[in-house]
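Subject: Structure handover

Hello,

Here is the structure for you to look over. My notes on it follow below.

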Amino acid sequence: MSNIKNIETVFDPTHDEAARQRYVSVLRKRILLDYARDMKTVYDHAIEPRFVRKNGRKPKTGNEVRKEMLVQPIFQEWSALRHNAQLMTWWSVQPEIERKLPEMIQVAKDASDANPAGGSLRLDANVDIPQTVTELDVHLMPGCFHSEHVADDVAQGAVYHHGTRVFSGGLAHRHRGGWGATAANALRIKYPTFRPKTYLDLGCTVGREMFSVMDVYPGMESHGIDVGAPCLRYAHALAEATGRKVHFSQQNAEALDFPDNTFDLVTSSFFFHEISVKSSAKILAEAYRVLKPGGLMINQELPPVSLVSGPYEDFVLDWDAYYNNEPFYYQFRHQDLQKKFVDAGFKAKNYVQFRVPNYGTWSDDLFAACVRGDAVPPEVSNGQAWFSFGAWK
Amino acid sequence: MAQDVRLPRRSKGPKPQFFRDPAMDHMMAMIIALTGELSVAIERQDTLERLLEARRVVPRQDIEAYRPDQTVEDQRFNRRDDLIARVFHVLHEQAELAEAMGTKGGLSYVADDRGAILGPSPERASRRKKAAKASSRSKARR
């Protein structure tokens with residue numbers, strides 16, 4: 001380990017700020033579990049039966065469900081709760097980050113100078129930051145991933161890091177697992193002879209998910225890219241303080257500066273839904289190019305339309321597209337993912353996808369059984385299970 | 001200077017309107033924030049009470065510096081969850097109403113001019129009242 005300060009610990013909410021954060025965390029739990037269940041009850045007992053009576057059939061698409069639900073008070077109230085909780089998540093951590101910013105910036109500089117883990121940070125002021133980042137604050141996070149308010153800024157990285165912990169504070173994956181750990185452990189069980197030596201994470205933000213992957217496959221030469229400099233500075237400081245050697249660089253995933261055939265493993269997490277279909281095609285082609293033959297690209301996302309339990313689940317999963325400044329979610333979820341990989345150069349037979357429970361929430365035996373296909377994992381929602389998709393080169 | 005940085009509070013992008021009247025969206029935002037402040041106030045009071053129990057005079061810094069242990073944190077989680085459940089009970093109530101409408105003899109409900117289902121229909125309510133009266137009369141006769 002190192003003796004530099006961990007930037008994550010430069011975070012000291014007042015008594016009342018901590019109370020406000022905890023309120024938002026519990027509110028989020030209520031919204032995604034209890035009130036989501038109540039909304040489904042109203043749908044099952046009133047909305048769907050009325051539709052069936054009027055149309056002689058159940059709704060076939062998420063859009064048909066949505067049309068019924070838009071005028072329904074419970075949907076309006078649930079949506080207002082969810083939208084406001086999202087905004088309050090960021091607001092609840094901003095004041096203390098403003099207070100601590102000078103210290104955070106110094107800690108990040110010290111981490112970079114001392115460089116105990118041996119990683120690196122390469123920034124590029126000329127990187128092409130996509131309009132999807134500059135014109136829309138993703139997840140309603142004011143300032144998004146890239147805004148810099150002062151020299152050597154790390155604020156947006158800190159807001160993202162601490163905000164997402166508040167965001168999931170009331171849910172299962174807050175304490176154990178998360179996608180990185182879940183996917184990497186699933187790969188470990190599914191492909192026991194796969195031993196990646198070189199690794200790239202796309203859209204790494206503050207690095208948390210890639211660190212979990214690195215823990216399952218130690219000793220990889222690891223790279224993380226993102227367009228947001230404040231996130232990369234924060235990620236570098238976090239990596240160095242926790243003994244993880246990562247080379248961070250500011251790049252747009254559509255045009256990577258790595259040579260062909262460089263990486264055994266390429267990952268992304270909740271990344272593709274934030275990008276247009278056209279842009280994601282370019283990114284997949286780049287991923288194919290930099291993957292070594294025999295390498296694997298694996299990504300995590302909400303499952304596509306073809307894989308959900310029905311139109312109601314579709315309607316729920318599309319919420320972010322309409323209200324969370326994630327306009328590409330709808331398009332993303334309506335794609336044929338396997339075809340997308342084939343268009344990028346991968347072979348159809350090498351496409352993989354799986355849904356497994358959050359690692360650590362249930363027993364290791366159940367986890368392994370789900371990976372092998374001997375047991376059925378819970379539906380993907382609220383951190384109970386994760387959907388992964390990708391392909392071998 | 002880094003000390004003077006004020007992070008933006010507004011998020012770029014279209015602002016959604018969930019309700020017919022935009023003032024309703026504003027009121028929801030106020031209620032949700034207000035509930036948060038109430039939660040904060042309750043926690044502050046909780047801290048004060050625990051400290052007052054332990055000693056007769058409580059310095060101000062002690063409230064600021066108080067950090068709950070896991071037992072306290074678990075109790076507070078329940079209290080917080082309970083507060084939210086009470087303030088936003090109207091959501092759960094709609095689920096209860098929907099379940100009560102049921103499928104016995106078909107779906108019978110009241111809807112507004114946009115087709116929003118608001119609850120069981122009055123005829124059904126009065127049929128229930130009649131049934132309840134009849135059953136209490138027969139109980140009295142026994």
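Which residues of α6(A) are buried? Please keep in mind that this is a predicted model. The buried residues are A:Trp179, A:Gly180, A:Ala181, A:Thr182, A:Ala183, A:Ala184, A:Asn185, A:Ala186 and A:Leu187. That is nine of the twelve residues of α6(A), so the helix is largely enclosed by the rest of the structure. Its buried residues pack against α7 (208-216), β5 (263-269), β6 (291-301), β7 (351-357), α14 and β8 of chain A. Helix α6 itself covers residues 179-190 of chain A. From first C-alpha to last it reaches 16 Å, close to the 16 Å expected at 1.5 Å a residue.

Now to α3 of chain A, residues 73-114. This helix bends by about 60 degrees at A:Lys100. A proline, A:Pro102, follows within four residues. After α3(A) comes A:Asn115, with a positive phi near 50 degrees.

Next, a loop. A:Val376 sits between α14 (364-372) and β8 (385-392) of chain A. A:Val376 counts as exposed because it has 11 C-beta neighbours inside 10 Å. Its C-alpha is 9.2 Å from that of A:Leu366, ten residues apart along the chain.

Last, the two chains. In chain B, 46 residues are in contact with 54 residues of chain A. On the chain B side, the elements giving two or more residues are α1 (22-54), α2 (60-65), α3 (70-87) and α4 (89-101). The most comes from α1(B), with ten residues. That side of chain B divides into 24 nonpolar, ten polar and twelve charged residues.

Best wishes

Key. Residues numbered from 1 in each chain as written. Chains lettered and ligands numbered in written order. Predicted model: local features only at pLDDT ≥ 70, side-chain atom pairs only at ≥ 80, totals over all residues. Buried ≥ 20, exposed ≤ 12 C-beta atoms within 10 Å, placed from the backbone. Contact = placed C-beta atoms within 7 Å. Nonpolar A, V, L, I, M, F, W, Y, C, P; charged D, E, K, R; others polar. Bend = angle between axes of the 7 residues up to and from the residue. Expected span 1.5 Å × (residues − 1).
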